[in-house]
Amino acid sequence: MKLNLIVPILCLLGGSLLAPTQAAAEPPSLAQAAVEDRGQTLPWQLVSSTAGKYVVDLPGAPVEQASTSSLLERDLQWQMSSVTIPAVDDEDLFEYYLVAYADVPRSLRYGFSQKDLLDAATTSVVNDIQDEQLNASLVIEAVAFQGLPARLLTAQGLGQYFVATLSLTGDRFYLLLAIDDDQANFEHFFNSLSLVP
């Protein structure tokens with residue numbers, strides 16, 4: 001998958017987001033810093049996508065972008081909205097938030113199970129980020145996200161946390177991805193997603 005905005009953001013910290021860490025038996029826990037400890041909250045804005053059939057809070061006006069990736073030898077057309085908040089100093093690191101969706105090609109909907117589609121799409125996302133240090137600390141779990149079958153991807157390093165969910169409605173993938181150091185921000189972002197008919 002060529003999520004064009006992810007790789008440049010992961011490279012903002014000297015070519016890699018994550019420092020080498022040993023593989024953990026448990027998924028990495030998110031930062032426990034409270035919003036008030038940092039002295040600021042993100043400027044959350046409600047963003048809705050009629051075509052994407054979702055509503056979500058993003059910390060600012062999003063940059064819109066389209067990208068094509070490959071899934072089981074078929075093309076996926078991703079529509080992405082992302083926000084980057086640059087680092088202010090060594091203590092206030094950058095934040096990055098992305099929401100993306102792609103319709104599953106009809107030929108794949110009936111030929112593969114949801115599990116197979118999610119596993120293949122997760123592998124594609126991880127491979128295209130192409131960050132060895134991310135892959136070294138990455139934990140992938142099968143979860144239900146808002147009642148949908150999903151994969152939760154978590155990693156950590158250099159004071160930042162990487163959290164992503166890739167879910168499948170049956171005919172559409174939804175990817176939410178965040179890089180931040182504040183658990184309250186992660187919770188706000190992921191809890192704010194609402195799919196609309």
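Visitor: How many of the five residues of strand E2 are buried?

Guide: Burial is read from relative accessible area with a 1.4 Å probe and protein chains only: buried means under 20%, exposed over 50%, and partly exposed in between. Four of the five residues of E2 are buried, and the strand is therefore mostly covered. This is a predicted model, in which local features need pLDDT of at least 70 and side-chain atom pairs count only at pLDDT 80 or more, whereas totals for chains, interfaces and linings use all residues. Residues are numbered from 1 along each chain as its sequence is written, and side-chain values use heavy atoms, with hydrogens and water left out.

Visitor: Which strands make up the open sheet that contains E2?

Guide: Strands of a sheet pair through backbone hydrogen bonds, either parallel or antiparallel. Strands (E, at least two residues) and helices (H or I, at least four) are DSSP runs numbered from the N terminus, and two strands pair if DSSP finds at least two bridges between them. Here the open sheet has three strands in the order E1-E2-E10, with antiparallel pairing. Strand E1 (45-49) and strand E10 (194-195) are the edge strands, each pairing on one side only.

Visitor: How many bridges join E2 to E1, and how many join E2 to E10?

Guide: Five bridges join E1 to E2, and two join E2 to E10. Valine 47 has valine 56 in E2 as its bridge partner, while glutamine 45 stands opposite leucine 58 in E2. On the E10 side, tyrosine 54 has leucine 195 as its bridge partner. The hairpin of E1 and E2 has four residues between the strands, and lysine 53 takes a positive phi near 60 degrees there.

Visitor: Which helix packs on this sheet?

Guide: Contact means heavy atoms within 4.5 Å. Axes are lines fitted to C-alpha atoms, for helices over the stretch in contact, and angles run from 0 to 180 degrees between N-to-C directions. Helix H6 packs on the sheet and touches E2 and E10, its direction making about 165 degrees with that of E2.

Visitor: Where do the buried residues of H6 lie, seen down its axis?

Guide: An α-helix has 3.6 residues a turn, so residues three or four places apart point the same way. In H6 (residues 183-192), the buried residues are Asn185, Phe186, Phe189, Phe190 and Ser192. They fall within an arc of 165 degrees, so they line one face of the helix; the arc is that of the directions from the helix axis to the C-beta atoms.

Visitor: How many aromatic pairs are there?

Guide: Rings of Phe, Tyr and Trp (its six-membered ring) pair if their centres lie within 6.5 Å; planes under 30 degrees apart count as stacked, over 60 as edge-to-face and the rest as tilted. The count comes to eight aromatic pairs. In one of them, tyrosine 54 and tyrosine 174 have ring centres 6.4 Å apart and planes at 90 degrees, so this pair is edge-to-face. The pair links strand E2 (residues 54-58) with strand E9 (residues 172-180), the two tyrosines being 120 residues apart. Tyrosine 54 and tyrosine 174 are buried.

Visitor: Which aromatic pair involves phenylalanine 190 of H6?

Guide: Phenylalanine 190 forms an edge-to-face pair with phenylalanine 145, at 6.3 Å centre to centre and 85 degrees between the planes. Phenylalanine 145 lies in strand E6 (residues 139-145), so the pair ties together parts 45 residues apart in sequence.
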